[in-house]
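Open the model in your viewer and keep the selection tool ready. We will go stop by stop.

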Amino acid sequence: MNYVCQQCKEPLQLDASLVDLSPSQYDIIAASLPPAPSARVRYMSEAEQLAHLPSSPASKAAWQHGKQKDGAGASPPLSLRAQGKQPQRNYIVPNESFVLLQDSVIRSIPSALPPNASPFASPRSVPIKGAPPSSKPSHTELDQPNPTPISHHLRSTMRLFNLLTTRTDIDHPLCAECTQILLSSLQRQLDETKKERDGYIAFEKEVKKEKERESQDISKDEAERKIEKLKIEERAAIEQLRLAEREREQLDEELGVLELEEKALEEEEAEFWRSHNEHQLTSTNQAALLASLRAAYAADYATYEKLERTNVYNDAFCIGHDGVFGTINGLRLGRVPGVPVEWPEINAAWGQTLLLLYTIARKLDFTFDNYRLVPMGSFSRIERTVGDKAAYELYGSGDLHFGRLLHNRRFDFAMVAFLECLKQLMDYVKSQDPGVEFPHQITKDKIGEASVKLQFSQEEAWTRGLRHVLLALKIILKWTTNGGNG
């Protein structure tokens with residue numbers, strides 16, 4: 001058995017709850033539906049409706065008089081919306097409704113069922129005989145012996161659809177989509193009806209208020225007083241409005257002035273930020289330059305301290321020893337048996353020794369008494385500044401001829417003069433710094449117990465005396481370079 005939607009004509013599949021519907025369920029559905037319209041319902045004219053209203057005769061007469069005046073002129077045609085709101089005058093009597101059956105439906109009716117109970121027809125395919133269908137079985141059902149379960153379910157379903165169709169304005173069955181559309185339409189109609197009802201209620205309230213105002217029966221003098229009062233309030237309100245307008249104009253002028261000031265301040269702020277950025281860049285550059293200068297100063301100062309700690313005198317005059325010999329810049333000063341030292345090396349050593357004494361005296365700004373030093377390398381000499389102003393050569397030779405013997409004698413005088421100049425410088429250093437101690441004292445031609453004269457002396461004693469000379473010079477050089485002289 002196939003059912004079709006009565007709106008879109010699409011095939012339907014019934015819900016399982018409608019397959020086996022009991023009589024009690026059928027009665028509950030029938031009781032929840034609105035009553036069927038009676039066959040005796042007829043259309044009532046406006047006069048009859050007016051007669052049934054609970055109103056006074058005077059109101060009814062006034063309404064009829066106004067209705068006659070309105071009817072005298074040609075009324076304009078109503079819109080579709082207004083026509084839809086007009087009362088329906090032509091009611092369809094249930095026993096006058098019918099549905100034409102299609103040929104395909106008629107041919108599909110089984111022979112076992114009566115023609116008026118075909119399950120393939122729509123709910124309106126069975127003519128309605130006045131009264132609504134009830135839960136009691138019809139005459140055809142009683143006449144048919146032993147109905148099958150399927151035919152019983154079909155008849156129950158058809159009876160339910162016939163009941164829904166006769167009690168409502170909608171043909172049944174309907175599909176889910178058509179039902180949703182129908183519910184939306186009914187909801188829209190319900191909303192419009194509520195709005196119309198609210199309008200009527202508001203109008204009724206206005207009418208009641210108007211009647212209350214009329215019932216108060218305000219006198220003419222009172223009304224004039226109220227009018228005068230309202231006029232005074234109106235003039236006061238107009239004056240306040242004018243004052244507000246003038247105040248608004250003043251505020252607009254002040255706003256214009258403030259906007260100009262704001263613009264000027266914005267320009268000034270922009271100029272300030274430009275100047276600030278320029279100063280910031282200048283400050284950054286100066287800070288970078290200052291950092292660079294400080295780094296250069298730190299590097300130069302470190303170099304300066306390194307150079308200040310550097311003793312050029314120690315590098316220029318390196319005094320040491322080599323066995324029993326005292327050395328200056330690697331040159332041995334002296335002679336001993338078994339270790340022959342060439343005279344050119346001894347003369348060069350004496351030249352470095354005289355140059356050291358001369359350099360220290362210049363640094364200390366010291367002037368020797370009676371002598372003047374003339375450093376000339378291996379041929380240095382010492383000159384007397386008083387008396388015969390003789391010059392003594394501070395270099396010797398190993399020759400034994402008579403002229404060389406006289407020269408060696410002058411060499412001894414030169415070494416004694418050198419020792420005298422060294423004694424003067426030692427005394428000066430002690431006078432400047434009493435804490436300086438010399439291990440060997442100078443007495444005439446001797447320093448300590450060794451004589452510096454080569455003639456008539458042993459070479460070991462002469463070499464020891466020259467070593468003491470270099471030691472004294474080293475002490476004076478250390479004191480001079482360490483800043484002991486202030």
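Helices here are DSSP runs of H or I with at least four residues, numbered from the N terminus. Keep in mind that this is a predicted model.

**Stop 1: a pair in helix α9**

Select residues 220–309, which form helix α9. Now pick out E271 and R274. What joins E271 and R274? A salt bridge does, with the closest N and O atoms 2.4 Å apart. Because E271 and R274 are three residues apart in helix α9, about one helical turn separates them. Colour both by accessibility. E271 has a relative accessible area of 43%, so E271 is partly exposed. R274 is partly exposed too, at 46%.

**Stop 2: another pair in α9**

Stay on helix α9 and select R248 and E245. These two also form a salt bridge, and their closest N and O atoms are 3.1 Å apart. Both residues lie in helix α9, three residues apart, which is about one turn of the helix. Are they buried, partly exposed or exposed? R248 counts as partly exposed, at 43% relative accessibility. E245 counts as partly exposed as well, at 35%.

**Stop 3: tyrosines on the surface**

Move along to Y297, still in helix α9. Together, Y297, Y301 and Y304 make a nonpolar surface patch of about 370 Å². Why is Y297 called exposed? Its relative accessibility is 57%, and exposed means over 50%.

**Stop 4: a pair in helix α12**

Select residues 402–432, which are helix α12. Show the side chains of D427 and K423. They meet in a salt bridge of 3.4 Å, N to O. D427 and K423 are four residues apart in α12, so about one helical turn lies between them. D427 is partly exposed, with a relative accessible area of 40%. K423 is partly exposed at 29%.

Salt bridges that share partners join E245, R248 and D252 into one network.

**Stop 5**

Hide the side chains. Select helix α11, residues 343–363, and helix α13, residues 459–481. Two packed helices are described by the angle between their axes and the distance between the axes. For α11 and α13, the axes come within 11 Å and cross at roughly 30°. Angles under 35 degrees count as roughly parallel. The helices α11 and α13 are therefore roughly parallel to each other. Which hand does the crossing of α11 and α13 have? The crossing is left-handed.

**Stop 6: two loop residues**

Go to D365, in the loop between α11 and β6 (371–374). Check its backbone. Phi of D365 is near 55°, a positive value in a residue other than glycine. D365 is exposed, with a relative accessible area of 69%.

Last, select N329. Where does N329 lie? Look in the loop between β4 (325–328) and β5 (331–333). Phi of N329 is near 55°, again a positive value in a residue other than glycine. N329 has a relative accessible area of 30%, so N329 is partly exposed.

How values were computed: Residues numbered from 1 in each chain as written. Predicted model: local features only at pLDDT ≥ 70, side-chain atom pairs only at ≥ 80, totals over all residues. Heavy atoms only, no water. Patch = residues over 30% accessible without salt bridge, like charges linked within 9 Å, V, L, I, M, F, W, Y side chains within 5 Å. Areas by Shrake-Rupley, 256 points an atom, 1.4 Å probe, with all protein chains shown as cover. Salt bridge = Lys/Arg side-chain N within 4 Å of Asp/Glu carboxyl O. Buried < 20%, exposed > 50% of the residue type's maximum accessible area, 1.4 Å probe, protein only. Axes fitted to C-alpha atoms, helices over the stretch in contact; angles between N-to-C directions. Parallel < 35°, antiparallel > 145°, perpendicular 65-115°, else oblique. Left-handed = near helix turned anticlockwise from the far one by under 90°.
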